[in-house]
Amino acid sequence: MIKLGVNVDHVATIRQARMTFEPDPVTAAGLADLGGADVITIHLREDRRHIQERDLELMHDTVFTKLNLEMATSREIVDIALKIKPGQITLVPEKRQEITTEGGLSVASQKQMLTDIVKKFKDNDIYVSLFIDPDKEQITASREVGAQSIELHTGRYANAQREEERTELLQTLSKSVKIAKGEGLRVNAGHGLTYKNTGPIVEHLDIEELHIGHSIVSRAIFVGIETAVREMKELIYKHFMIKQNL
Ligand code: PXP
């Protein structure tokens, strides 16, 4: 079964809107756990616009499942991650002005720097994934810098307006999964996925983890986070079973 990683950053976004103590993303992570999340993801951004170090520390101590820390490659954040030691880190590009992570990491253009960082994490028993676009050059470079896993950026697929474009992007993602597996990498996917567009991803991509945030937290406002997570788990299960019978 494909595992579900739930990103709880946006619970912290609401808290930070008032610079107060509620809602607490640590509570959200606990309830997401109860709803069946297989992974809890948070992004400690350099500008601290949502998740704070306190959240990372508390989740590291309280999350029962795997904690996946999304992070940029800046010295400050790397040092924090090496101190806290989450189970998994996902390196992402980060720009101050962006609303959310926009493109994938350019691994091919920063191989030496990434090789050094990846080694530091692996030496500390931290599992390393790289968030990249579905592109052969980036996939090969990810293996070359020593990453154990990649997360394929599904944003373009999720934002596609026309059906043919969506189908084409799904094929590109599917080819990328095969290339990555051929390189010996584990493959995750995420960004922009919702209760409407996740089904085809489950049916067509042979991946390990799906990482979903905004859509689950949005639904949680109305139904509660435990239920929102459970509904996404059920959706993944339903499409996984369809795939088994294809
Ligand atoms: N994967 C990565 C690497 C991300 O940066 C994000 C956004 O924080 C997600 C997945 C989740 O994206 P969304 O919130 O659109 O589901």
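A salt bridge here is a side-chain nitrogen of Lys or Arg within 4 Å of a carboxyl oxygen of Asp or Glu. With that in hand, select Arg 15, Asp 24, Arg 54 and Asp 55: a network of salt bridges links them. The structure holds 19 salt bridges.

Before moving on, some housekeeping. This is a predicted model, so local features need pLDDT of at least 70 and side-chain atom pairs count only at pLDDT 80 or more, while totals for chains, interfaces and linings use all residues. Residues are numbered from 1 along each chain as its sequence is written, and side-chain values use heavy atoms, with hydrogens and water left out.

Next, select helix α5, residues 111-123 (helices are DSSP runs of H or I, at least four residues, and strands are runs of E, at least two, numbered from the N terminus). Its 13 residues reach 18 Å from first C-alpha to last, close to the 18 Å expected at 1.5 Å a residue (that is, 1.5 Å times one less than the number of residues). Which residues of α5 are buried? Colour Leu 114, Ile 117, Val 118 and Phe 121; buried means under 20% relative accessible area, exposed over 50%, partly exposed in between, with a 1.4 Å probe and protein chains only. They cover an arc of only 100° around the axis, so they sit on the same side of α5 (the arc is taken over directions from the helix axis to the C-beta atoms). Show β3, α4, β4 and β5 too, which are among what covers these residues.

Lys 119 and Asp 123 form a salt bridge at 2.7 Å, N to O, and they lie four residues apart, about one turn of the helix. Just after α5, click Asp 125 for its positive phi of about 60°.

Arg 75 is exposed at 63%, whereas Asp 79 is partly exposed at 37%.

Last stop: helix α11, residues 225-244, with Glu 226 and Arg 230 four residues apart. Their closest N and O atoms are 3.2 Å apart, in a salt bridge. Glu 226 is partly exposed at 27%, and Arg 230 is partly exposed at 34%.

Methods: Contact means heavy atoms within 4.5 Å.
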